[in-house]
Amino acid sequence: MQIKKPELLEALEIVKPGLANKEIIEQTTSFAFVKGRVITYNDSISISHPVKDLNIEGAIEATYLYKFLGKVKADDINIELKDNEILLKTGRAKAGLTLQTEIRLPLEEVTGRKKWKDLPSNFNKFLSFAMPSCSKDMSRPVITCVHVNQSGVIEASDSYRMTYCDLKEEVPVDTFLLPASSAVDVVKLNPIKVAKSNGWIHFSNEVGSEISCRIFNDDTYPDTSKILNMTGDRLILPQIIDEVLERAMVFSKRDHLLDEIITITIQNMVLEVSAKSSTGWFKEKVNMKYSEDPIIFSITPFLLKGILSETRECFINKERTKLKFEGEGWQYVTMLRK
């Protein structure tokens, strides 16, 4: 059979986040090909995507297949099945990879029939707004998750910062807690539909990609109304902060999106944006009309970028302990550093 390398490589790239770093469960470091789809599964998430014209059933170790395709220049690849091996031929190059014809992954948890329902149009945007506010403290697993309420509220808080979003319509499945680490991969797929099963939440997008995520079954999410309930003085961040943020983001890059941080310091009529990586650092100052007590806070840069796309207005409470941004359907509150 002949396949288009760009299409196969794109499919592998989509499902790659579902691979495990180590094979604790058998085949979790492999691409599984089942009924015209490629699937990955690591016990926390599973991602699948359709693959056109690839009639293979079985599991292939991910590393060699992905790297080989990335090094091939030709767009067309010939694939043959021989015993327990697939042969890939392109030009003068040939490669053979072991094909495990028996799928041992527990895919029945994620591949059953689903009752897909439409997501609210702003779900993806608000999920991306909320996930940076989750905690990393696994001793309190509930606050490491985004709380998606059936009433249409998406919220997250680590007790120091809080995001609250109102979809203005109900979510078409029961309330669930989605781990922030899984939310990152959900947002990448830009889903339009959702379904729920025992212990899992499932999303699909316009091109047929699906992601299934384990969820927490815990109804005791903390009351966040006290964090949100604040008034204060109005501040307007300078227009040029958008450009400064772009430069700072070069130095805030991390392996994991939610680990990226920049720091904003406002004092003595100056706003400073700073970021630090393992190999460098960045600072830039711009003028700003503010001369009262210093304001210092840290924030995930892609969240600040999203906020600034809607507003540069924020509010600081009289005690100078909290800062608040708000826009249509969302609020973000962060505690200030001393």
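1. A volume is the space filled by probe spheres set on the points, which are joined across faces, edges and corners. The model is predicted: local features need pLDDT of at least 70 and side-chain atom pairs pLDDT 80 or more, while totals for chains, interfaces and linings use all residues. Residues are numbered from 1 along each chain as its sequence is written, and side-chain values use heavy atoms, without hydrogens and water.

2. Of the 14 residues lining the second largest pocket, R37, I39, S48, V110 and T111 lie nearest its centre. Strands β3 (37–41), β4 and β16 (210–214) each supply at least two lining residues, and β4 gives the largest share, 3 residues. Strands (E, at least two residues) and helices (H or I, at least four) are DSSP runs numbered from the N terminus.

3. The largest pocket has a volume of about 1100 Å³. Its lining comprises 33 residues, with P17, S181, V184, D185 and H256 nearest the centre. Two or more residues each come from α1 (5–15), β4 (45–50) and α4 (180–189); α4 gives the largest share, 7 residues. By class, 17 lining residues are nonpolar, 8 polar and 8 charged. Nonpolar covers Ala, Val, Leu, Ile, Met, Phe, Trp, Tyr, Cys and Pro, charged covers Asp, Glu, Lys and Arg, and the others, Gly among them, are polar.

4. One cavity, a set of points where a 1.4 Å probe fits but cannot get out, reaches the limit of 30 Å³ or more. About 40 Å³ of space lies in this largest cavity. L8, F33, L54, I56, I60, L65, I79, I86 and L88 line the largest cavity, a lining of 9 nonpolar, no polar and no charged residues.

5. An open antiparallel sheet has 4 strands in the order β20-β19-β18-β21. Its edge strands, β20 (281–287) and β21 (295–299), each pair on one side only; pairing requires at least two DSSP bridges between two strands.

6. Strands β19 (residues 270–276) and β20 run antiparallel and are joined by 7 bridges. V270 has N287 as its bridge partner in β20, and V273 stands opposite E284. A hairpin of 4 residues connects β19 to β20.

Key
On a 1 Å grid over the protein atoms alone, a cavity is a set of points where a 1.4 Å probe fits but cannot get out, and a pocket is an open set with protein on both sides within 12 Å along at least five of seven lines; lining residues have an atom within 4 Å of a point.
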